[in-house]
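Hello,

Here is the structure you are taking over. My notes on it come after the model.

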Amino acid sequence: MLNKNQKKHAVLRVLHLEDSASDHLLVKREFQKSGTPVDIVRVENLESFKSALLENGFDVVLADYRLPGLTALDAWALMNELSVRLPFVLLSGAIGETAAVQAIQAGISDYLPKEDLSKLRHVTQRAIEMHHIVLAREQADAELKHSQKQLASFAEQLQSTIEQERAAIAREIHDDIGGSLAAIRFDLAWVERHVSDTSVLAHVQAATDMLQHAVEASQRIMMNLRPAILDQGLVAAIHWLGDSFSRRTGIPTQIKAELINNCLSKDIQLTAYRTAQEALTNASKYAQCTHVKIELAGDDHFLTLEVADNGRGMIDQHTGAAGGFGLKGLKERAKTVGGWLDVSTQRGHGTAITLSIPLSDNSTIKQE
């Protein structure tokens, strides 16, 4: 790597597209007057321009606008065709405002009239610096896009792992806890049949009621962990989710769910289900609402799900600490199936969470 003194005296390599030897000499002298060490190569046609571009590493291109049989725009087009990226400065006589604007719009870095050669070093240096800034920004954008792609892949893997863990826990609840609860139920029934003491029977009845509550709770937990209701289709699952929410919270819930094509992929159905589930959880915990509306609609090309409440709207602490992570997780989850999530909220006028998913041929499950 060059130190500061080496950078200061580094040779500037210039490719000069110019048919006039005297004009080329003036340019060379101007660089020498500025104290800049320069290695400047003159070419006069596209063929030599192309050879120089491919054989040498230049820092900047200077080009007269009009040369015999070509213009600087032809040279610029050739650079783009060869995927050679260098700062490109027009150094020409009066070319007219229209031609100068066209050149800048085409991507050429700058324009300097030949009568202003005293500004050559400044204009050249500025073009080089701006070119480096553009390249650095493009590199940063590419790295950001790569990071976002990695993040999306990680989010997809994470969601898949979470769902697998949820399914495993649900199976354990069903097999172990469910089996134990069933055994307790049989034992309580046996006690009830063989005991006549009213006080004991009262305790048996209380235990039976508590057992029933535990059974219902375990079934609800299993359903939340692994929504087997999705086996009956997304419409049925959304209706079940809304009805369960209404019974549990006492909040009236209006449900409108219609799908022209109900043969959606498992990932899309699960994404829509989890989105509705999280939205209803947020509504019950934070919205302080008296009404919730769920709308599911879709055809062969698009699926939309909206969960809206008439609550207080999202306040700053809700969006940041309490509910922000859940919503961010839903947004990342939507991306894994090619969709997106919109959140519309207004203080005192409720919140609407909308999931949108474009459907392709791979988004549906063909019926056997």
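Predicted model: local features only at pLDDT ≥ 70, side-chain atom pairs only at ≥ 80, totals over all residues.

Residues are numbered from 1 along each chain as its sequence is written, and side-chain values use heavy atoms, with hydrogens and water left out.

Nonpolar cores

A nonpolar core is a set of buried Ala, Val, Leu, Ile, Met, Phe, Trp, Tyr and Cys residues joined through side-chain atoms within 4.5 Å; buried means under 20% relative accessible area (1.4 Å probe, protein chains only). The largest one has 39 residues, and those touching the most other members include Leu-234, Ile-238 and Ile-294. Helix 9 supplies the largest share of this core, nine residues. Helices (H or I, at least four residues) and strands (E, at least two) are DSSP runs, numbered from the N terminus. Leu-234 is in contact (heavy atoms within 4.5 Å) with residues that include Leu-259, Tyr-273, Leu-296 and Leu-303, leaving aside neighbours within four places in sequence. Another core, of 26 residues, lies apart from the largest one, and Val-43 and Phe-88 are among its members.

Gly-242

Gly-242 belongs to helix 8 (residues 234-249) and is buried, at a relative accessible area of 0%. Not counting residues up to four places away in sequence, Gly-242 touches Thr-253, Ile-255 and Ile-294. Its C-alpha atom is separated by 8.8 Å from that of Lys-293, 51 residues apart along the chain.

Pocket and cavity

Both were found on a 1 Å grid over the protein atoms alone: a cavity is a set of points where a 1.4 Å probe fits but cannot get out, a pocket is an open set with protein on both sides within 12 Å along at least five of seven lines, and lining residues have an atom within 4 Å of a point. Grid points are joined across faces, edges and corners, and a volume is the space filled by probe spheres set on the points.

The largest pocket holds about 560 Å³. Its lining has 20 residues, with Glu-163, Lys-266, Asp-267, Leu-270 and Arg-333 nearest the centre. Helix 6 gives the largest share of that lining, six residues.

There is one cavity of 30 Å³ or more, and the largest cavity has a volume of about 130 Å³. Of its 12 lining residues, Asn-282, Ala-283, Ala-287, Asp-309 and Thr-351 are the closest to the centre. Helix 9 gives the most to this lining, with five residues.

Regards

Notes:
Buried < 20%, exposed > 50% of the residue type's maximum accessible area, 1.4 Å probe, protein only.
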